[in-house]
Each structure stands twice: as structure tokens, then as C-alpha cells.
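Subject: Structure handover

Hello,

Here is the structure we spoke about, followed by notes on what turned up in it. Please keep it open while you read.

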Amino acid sequence: MNPIIDVQNLGSSGLQVSSIGLGTWAWGDRFLWGYGNNYGYNDIADAFDVYINMGGNFIDTAEFYGYGKSEQFIGDFIKQKKPNLVIASKFMPYPWRLRGQDLIRALKQSLKRLSLNNIDLYQIHWPFPPVSIETWCNTLAECVKEGLIKAVGVSNFNVSQLLRAHKTLSKHNISLTSNQVEYHLLNRKIESNGLFQQCKDLGISIIAYSPLAQGLLTGKYTPDNVPKGIRGTRYPQKLLHEIEPLIQRMRDIGREHDGKTPGQVSLNWIICKGAIPIPGAKSGFQAQQNCGSMGWRLSEDEVNVLDRMSSEINNHR
């Protein structure tokens with residue numbers, strides 16, 4: 001495979017990441033994704049290899065994913081391959097974590113699982129109470145100064161929460177690098193609620209998780225073939241009927257770009273919007289498909305068409 005060199009800056013951190021990241025939520029997760037049933041260790045090892053061989057360098061995980069297994073798997077792969085990667089993980093502010101020391105302990109456990117001495121991007125997974133955003137950000141600043149973290153990010157933060165994190169880190173002369181949120185053609189709330197624009201104004205990267213709407217935007221699901229389990233309740237048959245014209249239009253657009261798939265068009269739309277999608281991959285084939293969204297661009301007219309069609313769907317939901 002010839003690597004695709006397609007990179008962008010990660011906030012103002014100085015880190016450069018591939019335009020497509022690799023999300024690892026499903027690595028080791030048995031409850032939602034069914035790890036161990038229809039895919040296993042060899043499959044995700046293949047996904048890792050294909051992703052880096054195709055020019056990807058940005059891998060996102062979290063201590064919560066597979067209850068540490070996702071980080072552990074990545075650590076195994078890093079030891080075997082020793083690739084030059086940008087690794088991101090997340091701290092979960094569970095309600096029993098009440099002190100800054102709890103974050104430091106969790107970070108060190110993540111580093112151990114990842115087989116790293118420091119991490120490129122460490123994020124607060126959710127803005128959960130009871131501990132304040134300021135307390136966690138002050139502790140993250142300490143970790144940056146100690147050399148355990150290169151850049152600080154947040155996840156699922158709204159505008160006011162983002163500004164609180166940004167202000168606290170600024171007091172330590174540290175930039176807030178990123179905000180990881182759900183963003184795709186069927187969920188564009190960050191455009192309408194001001195979050196996307198606020199991030200742009202502050203030089204904060206948007207990292208888009210579930211960029212394929214957990215598979216809906218790949219075109220593999222239809223009203224007669226709905227997602228199984230929890231995903232099926234979140235994306236009902238009615239929605240699958242509603243998105244059929246959008247999927248068909250993405251197929252038409254893909255044909256104009258050397259036969260790109262609806263999923264690749266969906267991911268490229270996010271890139272064109274200025275965000276960094278981190279689609280998951282449970283196999284080498286999925287990783288290859290995801291990386292096929294790099295190295296080319298939708299036209300402005302094509303982006304506008306997808307904007308209009310997705311807005312009509314979202315307005316009816």
C-alpha cells in the first residue's frame with residue numbers, strides 16, 4: 001500500500017496528525033460492539049497495521065474503552081512495530097474520583113498500558129460533576145509541566161465548559177488543543193449551537209467521533225437491514241428510510257471521485273468542514289476503507305449539496 005500523506009495541525013500544540021484518525025472504542029468492548037464474537041485481537045492488529053501503512057498516524061483511545069483493553073492492545077502494537085504515532089487517550093471523571101491525584105494516578109495507569117513515558121494528547125472524557133473543570137485542568141497543567149502530557153484536550157464539552165477549560169489552562173500558559181465531540185452528517189449540533197465557531201476562534205481542533213453515525217453513513221444498513229443491539233434503537237427504521245436519498249447522492253458523488261463509497265464521502269465532508277474524523281476500525285478492510293477518504297477533496301458545490309440534504313433530515317428529527 002502506498003501511504004497517503006494528508007496531515008493537519010492539532011490545535012496549536014505543534015503536533016501534526018493525519019486527516020483521518022483511528023478510533024478504538026470497539027477494541028476490547030464486548031457490551032456495545034461485541035468484541036470476541038465477530039472480531040478479535042488479530043482483526044484489530046490488522047486494522048492497526050493497515051492504518052499506519054496507509055499513512056495514518058493519529059490513534060485515539062480512552063481508559064474506559066474495553067475497561068483498559070483498548071489501551072493495552074495499542075501498547076502491544078506499539079512495542080511490536082515502534083511506529084511514529086500521535087497517541088491520544090482520555091481520563092474518565094468517575095464520581096468517586098474527587099482529587100487531582102486521582103487523575104494523575106489514572107494517567108500513569110494509562111501510560112503503563114500504552115507502554116509510553118508520556119502521551120501526546122490527554123483529554124477529559126466528559127464534564128461530569130462533582131469535581132470542577134478547573135480542578136481537573138489545573139492538574140492537567142501540572143502533568144504538562146512534569147512532562148507526562150504534551151497537549152491537553154477535552155471531550156463532550158459545550159461552549160461554556162470549553163471556555164472554562166480554556167481560561168484555566170491559559171493561566172498556566174497552556175493552550176487547550178482540542179474538543180472531541182460527536183459530529184457527522186446526521187448530527188451537526190456543534191454548527192448550530194456555536195461550539196464549532198468558538199473552537200475555530202480559539203484555534204481549538206474539533207475531533208469528530210462516531211463520524212459515520214456508527215455505520216449508518218456507510219450505506220450498509222437499509223430499512224430491511226437495521227443495526228443490531230443498542231445501535232438499532234438509536235437509529236430506527238424510520239430514519240433509515242429518511243436517509244436513503246442522502247446515501248444515494250453520496251454514491252453519485254463518490255462515482256465522480258474514482259468510485260469512493262458513501263462512507264468515504266461522509267468522512268471527506270468532515271475533513272472539508274475543518275474537523276478531524278476518528279472512525280473506528282475492527283478489521284484491516286475497514287481501516288483501508290476509512291483511509292480512502294484522504295488524499296482528495298469534495299468540491300464546494302458537493303459540500304453544499306450534502307449540507308442541504310443533511311439539514312433537511314436533521315430538521316425533521
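Ala213 sits in the loop between β9 and α8. Helices (H or I, at least four residues) and strands (E, at least two) are DSSP runs, numbered from the N terminus. Phi of Ala213 is positive, near 50°, and the residue is not a glycine. Ala213 has a relative accessible area of 0%, so it is buried. Here buried means under 20% relative accessible area, exposed means over 50%, and partly exposed lies in between (1.4 Å probe, protein chains only).

Some ground rules. This is a predicted model, where local features need pLDDT of at least 70, side-chain atom pairs count only at pLDDT 80 or more, and totals for chains, interfaces and linings use all residues. Residues are numbered from 1 along each chain as its sequence is written, and side-chain values use heavy atoms, with hydrogens and water left out.

**Backbone**

Asn173 also has a positive phi, of about 60°, although it is not a glycine. Asn173 lies in the loop between α5 (159-170) and β8. Is Asn173 buried or exposed? Asn173 counts as exposed, because its relative accessibility is 76%.

There is a cis peptide bond from Pro129 to Pro130, with omega near 10°. Pro130 belongs to the loop between β6 (119-124) and α4.

**Loop residues**

Val226 is in the loop between β9 (205-209) and α8 (230-234). Val226 is partly exposed, at 35% relative accessible area. Setting aside residues up to four places away in sequence, Val226 touches Tyr221, Gln237 and Leu240. Contact here means heavy atoms within 4.5 Å. Val226 and Leu216 are 10 residues apart along the chain, and their C-alpha atoms are separated by 9.0 Å.

Tyr183 is placed in the loop between β8 (176-182) and α6 (189-192). Tyr183 is buried, with 0% relative accessible area. Leu98 is 85 residues from Tyr183 along the chain, and the two C-alpha atoms are 30 Å apart.

**Asp307**

Asp307 lies in helix α13 (residues 300-316). Its relative accessible area is 14%, so Asp307 is buried. Which residues does Asp307 contact, leaving aside neighbours within four places in sequence? They are Arg188, Trp269 and Lys273.

**Helix pairs**

Helix α10 (residues 244-255) packs with α13 at an angle of about 170°, and their axes are 10 Å apart. α10 is therefore roughly antiparallel to α13. Axes are lines fitted to C-alpha atoms, for helices over the stretch in contact, and angles run from 0 to 180 degrees between N-to-C directions. Angles under 35 degrees count as roughly parallel, over 145 as roughly antiparallel, 65 to 115 as roughly perpendicular and the rest as oblique. On the α10 side, the contact has Pro245, Leu246, Arg249, Met250 and Ile253. On the α13 side, it has Glu302, Val305, Leu306, Arg308, Met309 and Ile313. By class, the contact of α10 with α13 has eight nonpolar, no polar and three charged residues. Ala, Val, Leu, Ile, Met, Phe, Trp, Tyr, Cys and Pro count as nonpolar, Asp, Glu, Lys and Arg as charged, and the others, Gly among them, as polar.

Helix α3 (residues 100-114) and helix α4 (residues 133-145) pack at about 50°, with their axes 9 Å apart. α3 and α4 are therefore oblique to each other. The contact joins Gly100, Leu103, Ile104 and Leu107 of α3 to Trp136, Thr139, Leu140, Glu142 and Cys143 of α4. By class, the contact of α3 with α4 has six nonpolar, two polar and one charged residues.

**Cysteines**

How many disulfides does the structure hold? It holds zero. A disulfide is counted as a pair of cysteine sulfur atoms within 2.5 Å. Cys137 is in none, and the nearest cysteine sulfur, that of Cys143, is 11 Å away. Cys137 counts as buried, because its relative accessibility is 1%. Cys291 is too far for a bond, because its sulfur is 16 Å from the closest cysteine sulfur, in Cys272. Cys291 is buried too, with a relative accessible area of 0%.

Best wishes
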